[in-house]
Amino acid sequence: MSVRIRLALHGCTNRPFYHIVVAPSKFKRDGRHLEQVGSYDPLTNTNNEKLVALNIERIKYWLSVGAQPTIPVYKLLGMAGLLPIHPRMYLEAERTRNAAATKSKSSETESTESEPQPKTA
């Protein structure tokens, strides 16, 4: 039976909170698990930060014995420097940059259009 490192949903409605757990792939998402190795709060705090707590030693152990991380956990571990950055992260970053660029261009054109032009006689 393969072992996965995955997110287990906790928290309440409109306030998700995840435990990063090691569990066999046959177990339910929020069911039994072998070990909890971290936590993840996807909602930003007052400093606009998402909080992640990892037990790095135990994660390294489970990866060494063959545990496979799911894609969301792989992304978190990549940002923490334990694994290479997942290729989807590059795509998401590029999309975010493009969206910000188009938003700034549109706001610049709106600001220039709203300024009154001097009349020449």
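**Labels and their grounds**

Modeller: Start with helix 1, residues 56-64, which lies across strand 1 (3-12), strand 2, strand 3, strand 4 and strand 5. Its direction runs at about 120 degrees to strand 3. Helix 2 (residues 71-80) also packs on the sheet and touches strand 1, strand 2, strand 3, strand 4 and strand 5. Helix 2 makes about 95 degrees with the direction of strand 1. Keep in mind that this is a predicted model.

Colleague: What makes up the chain, and in which pattern along the sequence?

Modeller: There are 3 helices and 5 strands. The pattern reads β-β-β-β-α-β-α-α.

Colleague: In what order do the strands of the sheet lie?

Modeller: The order is 4-3-2-1-5 in an open sheet of 5 strands, and the pairing is mixed.

Colleague: What makes strand 4 and strand 5 edge strands?

Modeller: Strand 4 (51-54) and strand 5 (68-69) each pair on one side only.

Colleague: How do you know that strand 2 and strand 3 pair?

Modeller: Pairing takes at least two bridges. Strand 2 and strand 3 (residues 35-41) have 5 bridges, in the antiparallel sense, so they count as paired. As one example, Ile-20 has Gly-38 of strand 3 as its bridge partner.

Colleague: What links His-19 to His-10?

Modeller: Their side chains make a polar contact of 3.3 Å. The cut-off is 3.5 Å, so that distance qualifies. His-19 belongs to strand 2, residues 15-24. Beyond its neighbours within four places in sequence, His-19 contacts Arg-6, Leu-7, Ala-8, His-10, Gln-36, Gly-38 and Ser-39.

Colleague: How many aromatic pairs does the structure hold?

Modeller: It holds 2 aromatic pairs. One of them joins Tyr-18 and Tyr-40.

Colleague: Why is the pair of Tyr-18 and Tyr-40 called stacked?

Modeller: The centres are 6.2 Å apart and the planes make 25 degrees. Centres must lie within 6.5 Å, and planes under 30 degrees apart count as stacked. Tyr-18 lies in strand 2 and Tyr-40 in strand 3, so the pair ties together parts 22 residues apart in sequence.

Colleague: Is Tyr-18 buried or partly exposed, and what about Tyr-40?

Modeller: Buried means under 20% relative accessible area. Tyr-18 has 22% relative accessibility, so it counts as partly exposed. Tyr-40 has 14%, so it counts as buried.

Colleague: Why is the pair of Tyr-61 and Trp-62 called edge-to-face?

Modeller: The planes make 70 degrees, with the centres 5.3 Å apart. Tyr-61 is partly exposed, with a relative accessible area of 38%. Trp-62 counts as buried at 14% relative accessibility.

Colleague: Which residues of helix 2 are buried?

Modeller: They are Val-73, Lys-75, Leu-76, Leu-77 and Gly-78. After helix 2 comes Gly-81, with a positive phi near 95 degrees.

Colleague: What of the chain as a whole: how many of its residues count as buried?

Modeller: Of the 121 residues, 26% count as buried. The accessible surface of the chain is about 8900 Å², and 54% of that belongs to carbon and sulfur atoms.

Colleague: What share of the contacts with a separation of 6 or more comes from residues 24 or more positions apart?

Modeller: Such residues account for 28% of those contacts in the chain.

Definitions and conventions. Residues are numbered from 1 along each chain as its sequence is written. This is a predicted model: local features need pLDDT of at least 70, side-chain atom pairs count only at pLDDT 80 or more; totals for chains, interfaces and linings use all residues. Side-chain values use heavy atoms; hydrogens and water are left out. Helices (H or I, at least four residues) and strands (E, at least two) are DSSP runs, numbered from the N terminus. A polar contact is a pair of N or O atoms within 3.5 Å; within protein, one must be able to donate a hydrogen and the other to accept it, and residues adjacent in sequence count only if both atoms are side-chain atoms. Contact means heavy atoms within 4.5 Å. Axes are lines fitted to C-alpha atoms, for helices over the stretch in contact, and angles run from 0 to 180 degrees between N-to-C directions. Rings of Phe, Tyr and Trp (its six-membered ring) pair if their centres lie within 6.5 Å; planes under 30 degrees apart count as stacked, over 60 as edge-to-face and the rest as tilted. Buried means under 20% relative accessible area, exposed over 50%, partly exposed in between (1.4 Å probe, protein chains only). Accessible areas come from the Shrake-Rupley method with a 1.4 Å probe; for residues, only the protein chains shown count as cover.
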